[in-house]
Amino acid sequence: MARSPSPSRLPRNLAVVVLVLAALYALVGFLALPWWLKKTLPGQFDQQMGWQMELAELRTNPFTLTAEVTGLSAEDREGEPVLGFDRLFVNLGLFPLFRGVVSFQDIRLHEPFIRVDLLEDYSVNFARDWQVSRPEAPEPETASAPEASTPLKLLFQQLVIDGGVLLFRDFSQAETAEFRITPLDLSISDLATWPREAAGSQYSVIAALGEQTIEWDGELSIAPLYSEGRLRISDLDHNTLGHFLAPFMPWRLQDGRLTIETHYQLGGGEPFELITSDGTLAIRDIALALNDRTDEAAFAAETVSVEGIGFDLSALSARVGKVSIRQPFLAAARDREGRIDWLASLPGADDEAAPEQQPGRSEQSFRWSVQGVELADGRVRWRDAALESPAELELVGLDITLGGLSDLLDEPVSYRIGSGLASGGRVSANGQLTPMPFTLEAAVSGSQLELSVIEPYLQEGASLSVANGQLSFDGNLDLDSQDDPLTGTFSGTGEIVNLDLRLSDDESSLLGWRTLRLAPIEFNVYPPRLEIGTVTLAQPTLNVVRSLDGVHNLARIVRRQSNTGNEPTSTQSTSPEASSGEPEFVFRINELVVEDGAVGYSDRTLEPPFSTNFDNLTGAVSGISNVPPQQGRVNLKGRLAGVAPVTFEGTLGALGTEDTSDIRLAMEDLALPVLSPYFGRYLGYAVDSGKLKMNLDYEFTGTRLKASNRVVLDRMELGQAVPSDEAISAPVKLGLALLTDRRGVIEVDLPVQGDIADPEFRVGQIVMRAFVNLLVKAAASPFSMLGSLADLAGFSSEDLGEVSFVPGSVELAEGEAAKLSALAKALRERPELVLNVRGGVNPEADALALLRARMEARGEELTDEAWAQAQQAWREGERPLPPEALGQLATNRGLAVRRLLQETHEVDPAQLFTLEPSRQAVTDEQGLVTVQLTLNVR
């Protein structure tokens with residue numbers, strides 16, 4: 001009987017093999033692999049990085065292809081934690097492996113920790129530790145490029161990091177900074193390393209540094225490299241931002257929070273692409289300080305917001321929508337050496353400026369545009385310590401609006417600016433400007449701007465303080481730099497009201513007015529030209545004071561600058577204007593109108609001090625210019641000392657040229673006691689009464705003056721004597737009497753010539769000195785003065801002081817009667833004069849004449865021989881005359897002169913006095929005996 005075949009053992013053996021392999025696979029996957037990894041990983045960490053790593057637990061599941069690691073921590077050589085996590089779970093897909101795809105169905109990392117240190121050399125701790133652990137790592141050998149191989153396909157279906165901590169420490173700066181980012185959450189889905197037709201990977205990142213957060217989400221592709229999404233950084237603190245900007249920004253952030261958000265597209269092709277769009281930037285409460293000003297912010301703002309931010313790397317273009325700045329504050333200062341803090345804080349501020357870029361744009365230039373800028377409720381403060389008295393100017397309520405800006409700098413930009421001044425007033429401007437080449441069109445205005453803010457700058461050249469004053473202006477300004485030099489015009493009006501200027505060390509007003517209005521104003525920048533239609537000056541006041549040291553307050557206005565030796569030497573101008581004869585700066589004023597002006601003058605060098613005022617000044621000056629030929633007109637009226645009317649009339653030539661100006665001044669009814677202190681100083685007498693009238697004719701040619709001063713003193717009465725070291729030592733009353741006619745009037749003409757550019761030349765002082773010198777001359781040579789004033793009928797002034805007689809008689813010589821007639825007329829015209837008549841004889845001439853007369857009366861022979869013998873006998877005392885003969889002749893001669901003047905020519909007897917006769921009379925060339933006369937005053 002045949003055997004039945006035995007059953008096959010192959011299936012069983014295969015099953016056993018499978019079970020054994022499965023058991024081995026499970027043994028390796030569940031036990032061996034975790035054991036090996038847990039044992040090997042710490043060594044690898046130590047070998048590769050020098051880190052000490054600990055691992056709490058590691059589990060793998062070879063059947064589900066999962067791995068789980070918990071409690072991993074690593075410390076660096078310094079024993080500081082550098083890496084770790086609470087749990088790592090990895091789930092690898094099985095079936096995609098058969099397609100050549102390593103697919104991570106799930107990777108989850110819970111509460112990871114990583115510490116990144118930026119070292120002093122700007123390397124990181126990971127690279128440092130790697131290099132320290134591998135100091136002799138061989139350089140890679142240069143070999144031919146291997147044949148291209150198919151890259152491994154990786155697929156991350158779900159990658160999650162939850163509750164991570166990133167500790168970043170920065171040792172690259174002077175002060176170490178530490179930033180702890182937690183939580184750090186990351187989520188990535190469907191990320192593949194090869195091109196796929198399916199939709200790209202989705203990702204999301206959320207991180208926080210305190211209240212500072214980062215939100216980043218979108219799509220991501222590795223092959224090709226591409227990403228699109230949204231990035232938002234919220235409430236970035238100034239400490240964080242300032243730390244990372246410190247190496248690049250010369251200023252220090254003191255406060256502020258920044259939020260930025262944008263949509264982006266990134267492509268890793270050729271060329272690399274990066275495009276952002278719909279970006280926004282918001283900054284709150286920003287405060288920025290300069291490095292050397294730690295206590296006060298140099299810039300601050302409540303909010304800074306920017307909308308519509310976009311950037312295209314490939315196109316090299318950026319665009320910005322609206323920029324809004326709310327309540328900005330900017331502080332700038334200049335130190336005593338003249339350095340402006342903002343400029344000085346910039347790196348390379350002392351280097352030479354880079355060449356100015358020319359307008360236009362090349363194909364590779366960067367393009368940008370800004371839709372508009374709005375600045376609201378701003379504040380700008382300027383401090384200037386370079387002045388002797390530091391200045392501070394502050395703008396408040398500053399509003400600025402700019403239209404669209406772009407890299408096309410040759411396109412016009414509209415703008416509007418308005419601001420107030422903390423000191424008072426407001427300014428505004430609106431129009432358009434072109435950056436390159438620079439052009440500006442502006443409608444500008446200012447109202448009630450307090451001038452006191454410019455006082456420190458004014459005091460650099462003038463010892464003046466601004467007690468009050470407001471400036472207003474309105475007009476159009478145009479500037480154009482297309483050609484060199486800059487050209488431009490201003491057309492408008494200007495006004496300064498309630499001005500009160502004082503000397504810096506004096507509380508009293510020096511110069512002021514109620515209103516100064518200029519309309520219209522036409523100003524040209526180049527060639528420089530200023531033309532004003534009408535200048536209206538209402539209620540101007542000027543107070544001139546001569547102090548005890550003899551210096552007028554006006555002379556103290558200009559501050560004397562020390563000569564440093566660095567002043568440029570004057571060179572001959574070669575400008576077209578200079579060569580053409582026209583001044584380099586041209587100005588014209590069509591008309592200057594003065595309304596109710598006043599000038600006060602005080603002289604404290606006198607005792608008592610002199611003080612008067614000139615008020616009610618009203619009128620106009622037309623045709624004021626420095627371009628010849630020019631024929632302006634002057635017509636002004638006023639009042640001196642409250643009662644005396646004064647008029648100014650004449651013609652005005654071109655100022656600063658050799659054109660002639662002729663100004664005439666007329667004044668009447670000035671009470672002379674007003675000038676009593678000056679008469680007391682120079683004459684030694686006060687003035688009790690009298691009036692002054694003047695007619696002055698002043699001719700100016702360049703700086704040269706030729707003046708006629710016609711002065712009339714009416715019934716001037718001197719008062720008590722005044723002690724004065726400057727008073728003349730001459731009979732003042734006699735001089736005045738000689739100058740005073742029978743109506744009590746003194747009328748003189750005092751010419752003056754000189755150069756008004758000479759600081760020693762003072763017209764008033766010269767006129768007064770001329771009058772005093774006239775008095776001295778009159779008193780010293782009264783008959784000469786009388787002769788110059790009287791009608792002498794052909795007689796010289798020297799003849800008036802003497803009368804000639806025929807020797808031996810009271811008979812006047814030929815022509816002497818006419819002389820006495822002229823003298824009598826002069827005496828009648830000047831009733832205060834007194835004529836002293838002194839009779840006289842010549843001892844020889846008159847004695848011989850009397851002797852001859854006696855011989856003739858006796859009938860004695862008078863031949864030449866007989867007369868010669870008679871003269872010899874008289875000289876030898878043999879033929880004496882009666883003792884009374886000569887004395888009686890001298891007396892009779894004085895009486896004869898007096899009777900002729902009094903009885904024939906009707907001279908007031910009170911003006912005639914007879915003096916004791918003289919026996920020492922002289923004879924002239926004709927042998928006539930001359931009797932001297934003298935003048936005196938009552």
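In helix 7, the buried residues are Ser676, Pro677, Tyr678, Phe679, Gly680, Arg681, Tyr682 and Leu683, where buried means under 20% relative accessible area, exposed means over 50% and partly exposed lies in between, computed with a 1.4 Å probe on protein chains only. Because eight of the eight residues of helix 7 (residues 676–683) are buried, this helix is largely enclosed by the rest of the structure. Helices here are DSSP runs of H or I with at least four residues, strands are runs of E with at least two, and both are numbered from the N terminus. After helix 7 comes Gly684, which has a positive phi near 85°.

The model is a predicted one, so that local features need pLDDT of at least 70 and side-chain atom pairs count only at pLDDT 80 or more, whereas totals for chains, interfaces and linings use all residues. Residues are numbered from 1 along each chain as its sequence is written, and side-chain values use heavy atoms, with hydrogens and water left out.

Helix 8 (residues 732–739) is also mostly covered, with seven of its eight residues buried. These are Val732, Leu734, Gly735, Leu736, Ala737, Leu738 and Leu739.

**Helix 13**

The twelve residues of helix 13 (residues 864–875) should span 16 Å at 1.5 Å a residue, and this agrees with the 17 Å that separates its end C-alpha atoms; the expected span is taken as 1.5 Å times one less than the number of residues. Which residues of helix 13 are buried? They are Ala866, Trp867, Ala870, Gln871 and Ala873. Because these residues cover an arc of only 160° around the axis, they lie on the same side of helix 13, the arc being that of the directions from the helix axis to the C-beta atoms. Asp864, Glu865 and Gln869, on the other side of helix 13, are exposed. Helix 12 (845–858) is included in what covers the buried residues of helix 13. Gly877, with a positive phi near 80°, follows helix 13.

**Helix pairs**

Two packed helices are described by the angle between their axes and the distance between the axes. The axes are lines fitted to C-alpha atoms, for helices over the stretch in contact, and the angles run from 0 to 180 degrees between N-to-C directions.

| Helix pair | Axes come within | Crossing angle |
|---|---|---|
| Helix 1 (residues 10–49) and helix 2 | 6 Å | roughly 90° |
| Helix 12 and helix 14 (residues 885–904) | 10 Å | roughly 105° |

Asp846, Ala847 and Leu850 of helix 12 meet Ala885, Leu886, Leu889 and Arg893 of helix 14, contact meaning heavy atoms within 4.5 Å. Helix 1 and helix 2 are likewise roughly perpendicular to each other. In this pair, Asp46, Gln47, Gln48 and Met49 of helix 1 meet Phe126, Asp129, Trp130 and Ser133 of helix 2.

**Single residues**

Ser133 belongs to helix 2 (residues 125–133). With neighbours within four places in sequence left aside, Ser133 is in contact with Asp46, Gln47, Gln48, Met49, Gly50 and Arg77. The side chains of Ser133 and Arg77 are joined by a polar contact of 2.8 Å, that is, a pair of N or O atoms within 3.5 Å, of which, within protein, one must be able to donate a hydrogen and the other to accept it, while residues adjacent in sequence count only if both atoms are side-chain atoms. A polar atom of the Ser133 side chain also lies 3.4 Å from the backbone oxygen of Met49.

A polar atom of the Thr262 side chain lies 3.4 Å from the backbone oxygen of Ser277. Beyond its neighbours within four places in sequence, Thr262 is in contact with residues including Gly229, Arg230, Leu231 and Thr276.

Gln902, in helix 14, counts as partly exposed at 29% relative accessibility. Not counting residues up to four places away in sequence, Gln902 touches Val907, Pro909 and Leu912.

Notes. Parallel < 35°, antiparallel > 145°, perpendicular 65-115°, else oblique.
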